[in-house]
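Trainee: I'm new to this structure. Could you take me through a single part of it closely, step by step?

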Amino acid sequence: MKYKHIIQEMKESGDPTMMAFVKDVEKMKRLSNKEKVYCLRTRFLPESVQKLVEYFIPYIIFVAYCNKDKAKNLRMLDLINEGILGAYAGFERSTKDGMLTKYRVQHYIRNRIRKAINIDYCQSIAEYSFEICVPEGQMNNADDIISICSEIQNIKEYLQ
């Protein structure tokens, strides 16, 4: 899906925080090639990193949009936040080892979003497992404990 269509869909969501974010994104101006080269040369400065991260916002929104259906409890803005943190991590890493490419930053963005989705997925499985396996109230005898252990074993085998 094209970026303009994604932005339009975000506007139509009705979520006030999403609409405020879209307004801010629309106000951002794109970097010219001259500005981009300058920011890349001075990427150790916080304001340069911020401009470079803003340069990657359309890509972050696209990746978050493509992965939004995989998340159980995370909203699209949460995924966008993770993507932004991934971009910052990519630039931070590049200042340590000196290596910086567009694809490396994109890799950090995708990985950070995927990791957030995986954590969200694992947490929802853990909550479900706990609700199913651990009955409310006190356990009366050893049979209750054995049945809980066998139920946990069944879930563990299912996940593998």
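Mentor: Happy to! First, a term: a polar contact is a pair of N or O atoms within 3.5 Å; within protein, one must be able to donate a hydrogen and the other to accept it, and residues adjacent in sequence count only if both atoms are side-chain atoms. The side chains of Arg75 and Asp15 are joined by such a contact, at 3.2 Å. This is a predicted model, in which local features need pLDDT of at least 70, side-chain atom pairs count only at pLDDT 80 or more, and totals for chains, interfaces and linings use all residues. Residues are numbered from 1 along each chain as its sequence is written, and side-chain values use heavy atoms, leaving out hydrogens and water.

Now look at where Arg75 sits: in the loop between α5 and α6 (76–97), where helices are DSSP runs of H or I with at least four residues, numbered from the N terminus. With 43% relative accessibility, Arg75 counts as partly exposed, the class between buried (under 20% relative accessible area) and exposed (over 50%), using a 1.4 Å probe and protein chains only. Setting aside neighbours within four places in sequence, Arg75 is in contact with Asp15 and Thr17, contact meaning heavy atoms within 4.5 Å. Ala64 is eleven residues from Arg75 in sequence, and their C-alpha atoms are 9.3 Å apart in space.

Finally, follow the chain back to helix α5 (residues 57–67), whose partner here is helix α1 (residues 3–11). On the α1 side, Tyr3, Ile6, Ile7, Glu9 and Met10 meet Pro58, Ile61, Phe62 and Tyr65 of α5.

Note on methods: Axes fitted to C-alpha atoms, helices over the stretch in contact; angles between N-to-C directions. Helix = DSSP H or I, 4+ residues; strand = E, 2+ residues; numbered from the N terminus.
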